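Hi everyone, and thanks for coming.

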Amino acid sequence: MLLKGVRSAGFEKPFPIQELAIGPLLSGRSVIGQAKTGSGKTAAFGLPMLNAVSSESWDVQGLVLAPTRELAVQITAELKKLAAYTRIKILTIYGGQSINVQLQALEHGVHIVVGTPGRIMDHIKRGSLDLSRVRFAVLDEADTMLDMGFIDDIEFILDSVPERRQMGLFSATMPKRIMDIANKYMHNPEKILVSADEPSADTLEQFYAVADADEKLNILLDLFEKEKPASTIIFCRTKYGAHKLARELQRRYINAVPLHGDLSQHQRDHSMSTFRSGHADVLVATDVASRGIDISQVDCVINYDVPEDPLLYFHRVGRTARAGDTGKAFTLVSYDEQPDFERILGLTKAEIKPMRPEDAEHNFYVNSRGTITELQNERHYGGGRRGGGYRGGYHGNRNRRGGGGNSGFGGQRW
């Protein structure tokens, strides 16, 4: 029955993490898997978990912890596809949803629970969720749960499951705190390294542009006009910034939806479903709201703001060029953000190319003190940042040069 579900879900050839992890998990071993977001991890642990669960018993036998509600819902949807021809019942548990609905579902009996740590812990304390018969537990996006402060919750939950249970831990990066969890709760696990969250240069092209912060919107609009991406995720640093940019794009008749922490769960679900269905072309998101979201076929990622944490850059751009598809990532770097961008350049092995000729003048190198310094001293385009070069030309005709001459950005297309 599981094989029938695999075929109906459209699986033909396993991804690397699936090929390496499914065998050990089916044999009963625990697994630590380091693989980038969108690499097929759900099926890698989902098929062995479904195989280990008995539909004859109505105890909770499988547990998956995820950092966000959105990821928990996605994992559940994927598991349900794989279990479509079985009698295994799967329940998603997360905050923001009526706890009474969850209580009723638990009373009727489920075999696998997928949820966020806070709400799972709430049910354990209420006595509505018994994990004493769990056979298979999984931590997905473990490093993200660490970043979001869930480690104490995770330890509380894992202390509630039997010692003699199988476990999978999947993470894009493996910081020491995650390895401490693995050493504490996993016995002799199989360690599988597929790849970190560093994007592949074969499938992902990366570009940057340097400009004043208040010039970014015009560059973004010109980028849309040139690239015409079918689906785009734009990342902002703040909730206010994401909300403001989404509204500004909507005002310009670009079908954009926001995703940030100030939205209600209903609003976030609506934004996600609208973007996934293709009824919105652009998702404007913050990092916390978007963590763990697995959206296939994203053509383009745009960093409207450079992330302060350079590792977030790799999480962001990893939203495109997934599962062998190609994609593009663009980063708009204000002058204040150059130190953050320099840290990214210092970590990545892939080339991040200038969008325009004038961006190439911003050469970066690692100096003798081990920090990255910009060689370009003159930061003005043409007649100045707000002079004839950029501003004058852009608000006229985008396809004509501005008053700053050949050296000014003006309306020149790149």
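Let's begin with the second largest pocket, which holds about 330 Å³ of space. Fifteen residues line this pocket, and E163, R165, Y185, M186 and H187 are the closest to its centre. The lining splits by class into five nonpolar, five polar and five charged residues.

A quick word on how those terms are set. On a 1 Å grid over the protein atoms alone, a pocket is an open set of points where a 1.4 Å probe fits, with protein on both sides within 12 Å along at least five of seven lines, and lining residues have an atom within 4 Å of a point. Points are joined across faces, edges and corners, and the volume is the space filled by probe spheres set on them. Nonpolar covers Ala, Val, Leu, Ile, Met, Phe, Trp, Tyr, Cys and Pro, charged covers Asp, Glu, Lys and Arg, and the others, Gly among them, are polar.

Please keep in mind that this is a predicted model, where local features need pLDDT of at least 70 and side-chain atom pairs count only at pLDDT 80 or more, while totals for chains, interfaces and linings use all residues. Residues are numbered from 1 along each chain as its sequence is written, and side-chain values use heavy atoms, with hydrogens and water left out.

Now the whole chain. The protein chain has 16 helices and 16 strands, which are DSSP runs numbered from the N terminus (H or I, at least four residues, for helices; E, at least two, for strands). Of its 414 residues, 54% are buried. Here buried means under 20% relative accessible area, exposed means over 50%, and partly exposed is in between, with a 1.4 Å probe and protein chains only. Among contacts with a separation of 6 or more, 72% join residues 24 or more positions apart, a contact being heavy atoms within 4.5 Å.

Next, let's go inside. Why do we call helix α8 largely enclosed by the rest of the structure? Because six of the eight residues of α8, residues 151-158, are buried. Those residues are I151, D153, I154, E155, I157 and L158. Their cover includes β2 (62-65), α6 (117-126), β5 (136-139), α7 (142-147), β6 (166-171) and α9 (176-185).

Which residues touch the most other members of the largest nonpolar core? Among its 32 residues, they are L63, V113, I120, L131, L139 and L169. The elements giving two or more residues to this core are β2, β3 (90-93), α6, β5, α7, α8, β6 and α9. A nonpolar core, by the way, is a set of buried Ala, Val, Leu, Ile, Met, Phe, Trp, Tyr and Cys residues joined through side-chain atoms within 4.5 Å. In soluble globular proteins, nonpolar side chains tend to be buried together.

Do take a look at L169. Not counting residues up to four places away in sequence, L169 touches V31, I32, G33, L139, A142, M174, I178, I181, A182 and M186. There is also a second, separate core of 31 residues, which includes V31, A35, M49 and V114.

Is Q102 buried or exposed? Its relative accessibility is 0%, so Q102 counts as buried. Beyond its neighbours within four places in sequence, Q102 is in contact with L91, T92, I93, Y94, Q97, R119 and H123.

Finally, some loops. Most residues other than glycine have a negative phi. K228, in the loop between α10 (216-227) and β9 (232-236), has a positive phi near 50 degrees, and K228 is exposed at 64% relative accessible area. Y253 sits in the loop between α11 (239-251) and β10 (256-259); the phi of Y253 is positive too, near 65 degrees, and Y253 is exposed at 80%.

Let's end with E337, in the loop between β13 (327-333) and α15 (338-347). With 8% relative accessibility, E337 counts as buried. Leaving aside neighbours within four places in sequence, E337 is in contact with K216, R237, D305, V306 and L332. The C-alpha atoms of E337 and V306 are separated by 6.3 Å, though the two are 31 residues apart along the chain.
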